[in-house]
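Open the model in your viewer and keep the sequence panel beside it. This tour goes from one selection to the next and says what is there.

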Amino acid sequence: MKKPKFFSILKHRKKELTKEQIFKDVVAGIIVAIIALPLSIALGISSGVTPEKGLITAIIAGFFISLFGGSRVQIGGPTGAFVVIVYGIIEKYGLEGLIISTLMAGIILILFGIFRLGNLIKYIPKSITLGFTLGIAITLLSTQIKDLFGLSIDKVPSEFIQKWNVYISHFNKIHFITLLIGILCIATIILFPKVNKTIPGSLIALIVSTLIVSGLSLNVETIGSAFGQISSTIPKPELPALTIDKLKVLFMPSLTIAFLAAIESLLSAVVADGMIDKKHNSNTELIGQGIANIASSLFGGIPATGAIARTAANIKNGGRTPIAGIIHAITLLLIMIVFMPLIQYIPLVALAAILAVVSYNMSEWRECIKIIHNNKFDAIELLTTFILTVTCDLVVAILVAMIVHFIIIKLINKNNDKDIDSRIEVVC
């Protein structure tokens, strides 16, 4: 098994760690931390936990992914892909069930890496990858409707169909001031990069909306009104109470977390490789992801994986070694210690607006439409994965879609002697 990239780079530090590169990594790490701050808070809340859990995940898991991972530029933390899964686990098994599931998922990821299963991920066709990405984007967007429209709903169901039934029955009670703040935030996130590409639009939207709501004393729900006082300290690591019965019941949720973390982290690493013209080690990356998820669970965090958008931002700002990811985690820790009391004034609608834009960006709907138009077999795989991801379960969606994929291959083989490998476009 190859060494984590951080230790490989330390071995060749004279060549890799010049003063100029270290400075670039530090700057990139600070910028990515600023980008990750509102996202981590928003993802924590949307996952059904308190805001600081999202930050704790970005700090703890982000640190260990950079320290032990197989990519030199990967930035790890909570991502939108996990929101619906985490919310469903908490609703069914409680917070302890989520912590145990995340711990077990970390162990499964390490086993994936030890048995060199990282290379198998590349055989998942692009049509299936796009299908579950689109499904995750739609389900993530659906979790933000309550806060975006200011709907007064005591408890939102985790299931997609039931959730929308509840929304539709409450749309006659839209809080228009909240909705206007949400529209302002979305417009700011989209338009501000045209003014300044260094400062993230999401941060500006967060600051502006908070000043408006607080300054005008608007009746808009905030983090403080929803969650009360937010802790600004990292809790001591604690092992959850494990029993055979709990492990049996939580095995499938753990497998879902591990499978999604593996796919998303390796996909992110492949995208990063193309941007820096370097190669990651997939099995080492899986082990790093496993260690990070175990650590996150011990500190009460939620599942984490490589984040494509934050990794891309790291690269664009000059990050080329894991030092950037480590600085990102340390910066978030300092922000949490110093500024957490101010976070209670952030409007929930601002966080919903941020995740609505994240959902749109991750959907890759144009690419999906192109695939559906170009190849009927790819269209079947994509739509099968999409529908099952939204209505059922990610693991079920992937397994059924892969079965459909191999049936299609067999049919093509039967009716066409030509090499069919040309139609299989893989993710890495």
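Start by selecting Gly29. Its relative accessibility is 0%, so Gly29 counts as buried, the cut-off being under 20%. Keep in mind that this is a predicted model.

Now show the helix around this glycine. Gly29 sits in helix α3, which covers residues 19-46.

Next, display what surrounds the glycine. Leaving aside residues up to four places away in sequence, Gly29 touches Ala324, Ile327 and His328.

For a distance, pick the C-alpha atoms of Gly29 and Thr389. These two residues are 360 residues apart along the chain, and their C-alpha atoms are separated by 33 Å.

How much of residues 23-380 is helix, and how much is strand? The chain over this range is 71% helix and 1% strand.

Turn to the cysteines. How many disulfides does the structure hold? The count is 0. Select Cys392, which is in no disulfide: the nearest cysteine sulfur belongs to Cys368 and is 19 Å away. A disulfide would need the two sulfur atoms within 2.5 Å.

Is Cys392 buried, partly exposed or exposed? Cys392 has a relative accessible area of 48%, so this residue is partly exposed. End on Cys185, which counts as buried because its relative accessibility is 1%.

Notes:
Residues numbered from 1 in each chain as written. Predicted model: local features only at pLDDT ≥ 70, side-chain atom pairs only at ≥ 80, totals over all residues. Heavy atoms only, no water. Helix = DSSP H or I, 4+ residues; strand = E, 2+ residues; numbered from the N terminus. Buried < 20%, exposed > 50% of the residue type's maximum accessible area, 1.4 Å probe, protein only. Contact = heavy atoms within 4.5 Å.
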